[in-house]
Amino acid sequence: MTMSNYTLLKANSYIEEHKDKIVQDYRLNYHFTAPTGWINDPNGFVFYKGEYHLFYQFHPYNSEWGPMHWGHAKSKDMITWEHLPVALAPDTPADAGGCFSGSAIEKDGNLYLMYTGIMHVETENKTQQVQCIAVSKDGINFEKVKQNPIIDASSLPINAVQEDFRDPKVFERNGIYYSVIVSKTKKETGQVLLYKSLDLINWEFKSILLEGQEEHGVMWECPDLFELNGHDVLILSPIQMPKKGHEFHNTSSSIVMVGRVDWNTGKFVKSTLQEIDHGLDFYAPQTLQDANGNRIMIAWMQMWGRTQPTHVERHGWAGAMTLPRVLEIKNEQLSQKAINEINHYQTVEKEYHNIYLENETKTVDSFSEPSLRIQLNANLENAKTFFIELPKNEDEKAVLLFQVEEGVMELSREYIGLPILGSEDATLVKRTVSIPLIDNQLQLDIFIDKSSIEVFINGGREVMSMTIFPLKAVYEYAIGVNGKVTINELQHSSIHVGE
């Protein structure tokens, strides 16, 4: 049996020794980042004993992807996070190749983590992705069960590839535990498998919940299945989903399907499919139900196949999470907005009404610390293009541009920051999304946090997220128009989360 050299003690000792050596230049203020090293997918996002827990894919020793651990933090409001000891290290035969993504659930007062282990198959000189369980009585210290792996290749349908079988999302329904797990098919497409259990330890295969087609990418990751506003909702992150209009231009995408599950047959029938975020940096979302019954989503605010400037510059860290978002389904379409808790950390700095611009660009405000929120409502009835340079200095600017006649919003980092190169055919520096105006009105809710921008458009009907790494301090923003615009309301607030 292959064993790993990694342990929880080694990881936690390293973090304690190195966390104060991290370069802070691009560290975010009100978004989650790890104390050291690399992070990617959010895992085990759960409300447990009055607090929110966030686990995450974590390589504590380096700012690039490496042997996967599970980092861990908790929060009262999903904005201010307390770092906790590393929850999982790849230290058993079932997960010696890494503790990959998964989820969490409470049972009998204990917190269960269900995750993918990378297990070496020495007789075949290859790896197998298997599913494992770890349990905690206090929500901090976890013990892996002796039955691991609790699901292995013997439970796969005949069309599944055992090397690509991962990311369990566990939930309970009518007294039965279910887990949706993705696998690659032998036809090089993705599929979601449905498993069921009475005790979270003994599992049986129920069905292929949904099988993808070629236009849905070569593999799916990070499934999440839940009910919202009377619909069944399935979230997935496809790899190499082909471009389609404004959609799916990143190497990997995140999509939401609205439909209905037939629980007798274990089949999902979709009604709609849409990309969740039309920015450059959004992947692997996971959801929970909060204390008030809302469905909350968080995601990794980066993208695979791209250079990470904080790694290139040797800052000792890479990766962050998005702001948690409240989800709703309206007319079978996803709507997102930032959680209300962020309001407690913001201070209104400036507020304007009825600003009129005609064929001009106007610097609106300056700021000393680029952690802010800009809320705007504009009448574009007589405008051709409308744009915001946010943030900017004398040499750099990120640009949000709306083409009124086409109804297309563009978010670009072409003119700001350290270069970010990717595996796409051409370096991707901007994304677009089609968004209709409502009575000629454009509503924007923009969050800027040092090295990130998240734009919620028309009440969250569309969202665009992007990272930026300015070469110099960015200290102002400007608004411009080709044509005429009346900005009905404009509010600029600073946001600060204390230590």
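A salt bridge here is a side-chain nitrogen of Lys or Arg within 4 Å of a carboxyl oxygen of Asp or Glu. By that criterion D277 pairs with R325, with the closest N and O atoms 3.1 Å apart. This pair links distant parts of the chain: D277 sits in the loop between strand 16 (267-275) and strand 17 (283-289), while R325 belongs to strand 20 (residues 325-330), 48 residues apart. Helices (H or I, at least four residues) and strands (E, at least two) are DSSP runs numbered from the N terminus. Both D277 and R325 are buried, where buried means under 20% relative accessible area, exposed means over 50%, and partly exposed lies in between (1.4 Å probe, protein chains only).

The model is predicted, so local features need pLDDT of at least 70 and side-chain atom pairs count only at pLDDT 80 or more, whereas totals for chains, interfaces and linings use all residues. Residues are numbered from 1 along each chain as its sequence is written, and side-chain values use heavy atoms, leaving out hydrogens and water.

In total, the structure holds 28 salt bridges. Another of them joins E211 to K187, with 3.7 Å between the closest N and O atoms. E211 lies in strand 12 (residues 203-211) and K187 in the loop between strand 10 (176-185) and strand 11 (190-197), so this pair ties together parts 24 residues apart in sequence. E211 is partly exposed at 28% relative accessible area, and K187 is exposed at 58%. D365 and K350 also pair, their closest N and O atoms being 2.9 Å apart; D365 is buried at 6% and K350 partly exposed at 37%. Elsewhere, salt bridges with shared partners join E51, K74 and K76 into one network.

Turning to the nonpolar side, a core is a set of buried Ala, Val, Leu, Ile, Met, Phe, Trp, Tyr and Cys residues joined through side-chain atoms within 4.5 Å. The largest has 41 residues, and F386, M409, L444, I446 and I487 have the most contacts inside it. Strand 31 (residues 476-495) gives the most to this core, six residues.

As for strand 1 (residues 37-48), 11 of its 12 residues are buried, so the rest of the structure largely encloses it. Strands count as paired if DSSP finds at least two bridges between them. Strand 1 runs parallel to strand 19 (residues 317-318), joined by two bridges, with G37 partnering W317. Seven bridges pair strand 1 with strand 2 (residues 51-59) in the antiparallel sense, P42 partnering Y56. These two strands form a hairpin with two residues between them, and K49 in the turn has a positive phi of about 50°.
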